[in-house]
Amino acid sequence: MKYNIALVPGDGIGPEIVSAAVEVLKAVGDKYGHEFVFNEYYAGGCAIDKFGEPLPQETIDGCLASDSVILGAVGGPKWDDVPNHLRPEKGLLAIRKALGLYTNLRPAKIQPALADACVLRPDIAAKGFDLMIVRELTGGIYFGERGRNEKGDAAYDTESYSTEEIERNARNAFEIARKRKGHVTSVEKSNVLETSRLWKETVHHLQETEYPDVKLDDMYVDNAAMQLVRDPSFFDVIVTSNMFGDILSDEASQVTGSIGLLASASLGDSKRGMYEPIHGSAPDIAGTGLANPIATILSAAMMLRYSFDLGEEADCIENAVNKVLEAGWRTKDIAAPGDENWLKGSEMKDKILAEI
Ligand code: IPM
Ligand code: MG
């Protein structure tokens, strides 16, 4: 089969990690007889520099015409002073919206080979954890009305959700839970927020009518933030709003101690998704060769699995990464303190390629 993949490398380390993922995909294509065709587009700071806007129409059109999208990362201090509506992050939010990607899957788990990287107390880490955050991605306070009063000394951002927005995201969470341990925790702040009360009602209604086989519980977001460090093994699937998911997914990924390994998928109604590492553009190490390409390589694996239904090929990539880690190879970000034998990003990519 032939697949058209739009590449949006973005800024900072984005281009180097995306090109590593492309090499891995080519190797998998050769092995299994698929043709992956790649087209590159600009978004974020590089698009501001070239086109004067963070998300040019040609990027939207190219992504919409593709079978799936791989994104590196956007942003950097260079664009800190551009006007708000032109910030690189605006490009990222706009591409999610333009592609209708309303659900964001962010897995966080302790990799057995990297258990000692986990920042939790050893007795907590020893229990292990493997959780999936299902974050609503195109609604809530990120996209609500915002502004300032005339004087400029007061500002507001609004959180708003419709049952439809809550339901389509929650449906994905229940579907995913069915393929995992069958347990969803709905995270909100219904002791204070009206949107959270609607969230809770809607998620429960959906569970009662369509997913009675899935266990559902509720947790306030402040408590969830605490449980993530107290006993992350409690969680299987967390379903939550855009803002809460943004915060909790950073927390969960850092708890694993290996944010450079974590992939993510953004999905909508069609098979086309956008796949990107959870980490940012790390402008401080761009071009030094230090960037760990694994999260992007694993994002490519997620793309094969979720958008192209190529489970075996996805396994092939994930197994190759596991083998390399089990053999003890590390990039600098995941090397044990004092270990000076770490690999550069391109060397890590070569090790993975050799296992494919
Ligand atoms: C993320 C990022 C983005 C977000 C920023 C860059 C706009 O933090 O993908 O988690 O808040 O969604
Ligand atoms: Mg974030």
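**Salt bridges and a buried strand**

Analyst: Arginine 197 is partly exposed, with a relative accessible area of 32%. Keep in mind throughout that this is a predicted model.

User: What does arginine 197 form a salt bridge with?

Analyst: Its partner is glutamate 194, and the closest N and O atoms are 2.9 Å apart. Glutamate 194 is exposed, at 54% relative accessibility.

User: How many salt bridges does the count come to?

Analyst: The count is 22 salt bridges.

User: Which side chain meets arginine 146 in a salt bridge?

Analyst: That of aspartate 157, with an N to O distance of 2.6 Å. The pair links distant parts of the chain, 11 residues apart: aspartate 157 lies in strand β7 (residues 155-157) and arginine 146 in strand β6 (residues 146-148).

User: And how does aspartate 157 count in terms of relative accessibility?

Analyst: Aspartate 157 counts as partly exposed, at 44%. Arginine 146 is also partly exposed, at 40% relative accessibility.

User: What about arginine 121, which side chain does it meet?

Analyst: Arginine 121 makes a salt bridge with aspartate 123, at 2.9 Å from N to O. Arginine 121 is exposed, with a relative accessible area of 53%.

User: Which residues are linked in a network of salt bridges?

Analyst: Glu23, Lys349 and Asp350 are linked that way.

User: Switching to strands. In β10, are the side chains buried or exposed?

Analyst: Val237, Ile238, Val239 and Thr240 are all buried. Strand β10 spans residues 237-240, and Val237 and Val239 point one way while Ile238 and Thr240 point the other way.

User: Which way does β5 run relative to β10, parallel or antiparallel?

Analyst: Parallel; strand β5 (residues 130-136) is joined to β10 by four bridges. Within that pairing, valine 134 has valine 239 as its bridge partner.

User: How many bridges join β8 to β10?

Analyst: Four bridges join them, and strand β8 (residues 183-188) runs parallel to β10.

User: What stands opposite threonine 240 there?

Analyst: Valine 187 is opposite threonine 240. Valine 239 of β10, as above, is the bridge partner of valine 134.

Definitions and conventions
Residues numbered from 1 in each chain as written. Chains lettered and ligands numbered in written order. Predicted model: local features only at pLDDT ≥ 70, side-chain atom pairs only at ≥ 80, totals over all residues. Heavy atoms only, no water. Salt bridge = Lys/Arg side-chain N within 4 Å of Asp/Glu carboxyl O. Buried < 20%, exposed > 50% of the residue type's maximum accessible area, 1.4 Å probe, protein only. Helix = DSSP H or I, 4+ residues; strand = E, 2+ residues; numbered from the N terminus. Pairing = 2+ DSSP bridges.
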